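Look at the structure first, then read on.

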Amino acid sequence: MNVVTPIASRTVDVSTIPTDLFIAGAWRASASGQRIEVINPSTEELLATIADASVEDGLAAVDAAAAAARGWAATAPRQRAQILLRAFELMIEKADWLAELISLENGKALADAMGEVKYAAEFFRWYAEEAVRIQGDISMAPGGGNRILVQYQPVGVSVLVTPWNFPAAMATRKIAPALAAGCSCILKPASETPLTAFALVEILCAAGVPAGVVNVVTTSQPGPLISAMLHDSRVRKLSFTGSTAVGRLLLREASDCVINCSMELGGNAPFLVFDDADLDAAVDGAMIAKMRNGGEACTAANRFYIQRGIFHAFAHKLAAKMAAMQLGDGWLASTACGPLVNEKSRDKVAAFVDDAMARGAKALTGGKPLDRKGYFYEPTVLIDVAPDSKLLHDEIFGPVAALVPFDSEDDVIELSNASEYGLVCYVYTRDLAKGLRVSERLDSGMVALNRGLVSDPAAPFGGTKQSGIGREGAHHGLLEFTEAKYIATNW
Ligand code: NAD
């Protein structure tokens, strides 16, 4: 693999980005005055320090969102749509700048960051279009005595909690439908990647979002802060994206005030390649499904099940492509794979690979961390992976592909479904009937058939089992921020 040497040519001046809390339309320091350090994972250098919100700050954000809620809910849908459309345009205008910012704080390769910015901006455009299409329905009661009217009303003040792996897209995937539905909100981004969230707030303000409708708090103590918000009866919605472990905890917290929850949690995606697949297309799809974001995606292919007849050809082609990837600082245009987000993530990937190798796995390429500053791990392909290896059961969240051969359709479906997760599965076959049959039998919210990518703002994204509850994107994502109001009517 090639290692790129950094050069100093950044267009982003991080010191121009606000780093305080954004509450009621104004930037303010945290009550405690405490700060959190944001580190560039490519260099381990300090990028910025940001405000560390206390519970008191969190509740001030709830005050602001609650004060703005009624006014925003009463805004004409067309006005909400125009603000969202303007936010889309502003984001696209700043796409290069935003992509570099994401690469700086998250470490992902610039091309991945640019893909994220465009994907993230599309949520603003998609929900601008959906804001004016919130329909209800009317029917005659079966007994013929009255009409059943159903209308969809904003659920109310919404708490949005997002992870670091897609700092722009996970935020817009929640903010856009919340605003379109007429909800005010408080965003709590991950403290590894807060600068992108702050930059998004500036875009939303420039687009015309009124004070208090979007608030942002960053904290080193998310547990107590989110818990306090979920125990404030003015909060009516939690939309969370993150790990299944934290998701479980928040579902418990949300139960006290019976808060409406949408949960986008972890995954353990199987990638199935049948003997009759187009081998080159399957390898290209595998590179996207595995290496987009350096493997740090909930949709990342985690377990590769390859039918025995094609196994060695697939393994060697994939290993060659992985070995050829350019590693380097995320923000350099020549980088294909950046570092992991922090030391803990890099060490977890290393521990998973070491565990698999101790159980007999062989690395066709990679297999160790990179000996340089930054949290780099070599793109790795493993074969002879024992069934009890940890990386077949838990999210790797890094640039490691574990390959396992299979014989029959029934075997691979059983292997794929033997997981507590059910977010996405990938299937490669030239036989469309088999592809659809297998897709139907897989226990997951999404299937990518002869594709390495499912994410699309116009499609319902989400998981089954312990990968989550609810859907983001499409019209479904907007309905998550509404309540159905039934009016029994005589006229
Ligand atoms: P995480 O669960 O550690 O953190 C997610 C968010 O929750 C962050 O903002 C964090 O500060 C906050 N948080 C952490 N502990 C908390 C607590 N006790 N109370 C309240 N909030 C808390 O996840 P992460 O490491 O940031 O992100 C990676 C995980 O996110 C992976 O498991 C990945 O699969 C998942 N993810 C899922 C999707 C999806 O759409 N299903 C998308 C992206 C990431």
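A backbone N or O atom of Thr162 is 2.7 Å from a ligand oxygen atom. In the side chain of Arg173, an N or O atom lies 2.8 Å from an oxygen atom of the ligand; for the side chain of Glu264 the distance is 3.4 Å. A polar contact here is a pair of N or O atoms within 3.5 Å. On its own the ligand exposes 840 Å², and the protein buries 87% of that (Shrake-Rupley method, 1.4 Å probe).

This is a predicted model, in which local features need pLDDT of at least 70 and side-chain atom pairs pLDDT 80 or more, while totals for chains, interfaces and linings use all residues. Residues are numbered from 1 along each chain as its sequence is written, and side-chain values use heavy atoms, without hydrogens and water.

## The shell

The ligand is surrounded by 28 residues (a heavy atom within 4 Å). The closest are Thr162, Lys188, Ser243, Leu265 and Glu395. By type, 16 are nonpolar, eight polar and four charged, with Gly counted as polar and Asp, Glu, Lys and Arg as charged.

## Where the shell comes from

Helix α7 (222-230) gives the most, three residues. Domain 1 (8-265 + 468-489) and domain 2 (269-456) each provide at least three; their bounds come from an automatic or database assignment.

How values were computed: A polar contact is a pair of N or O atoms within 3.5 Å; within protein, one must be able to donate a hydrogen and the other to accept it, and residues adjacent in sequence count only if both atoms are side-chain atoms. Helices (H or I, at least four residues) and strands (E, at least two) are DSSP runs, numbered from the N terminus.
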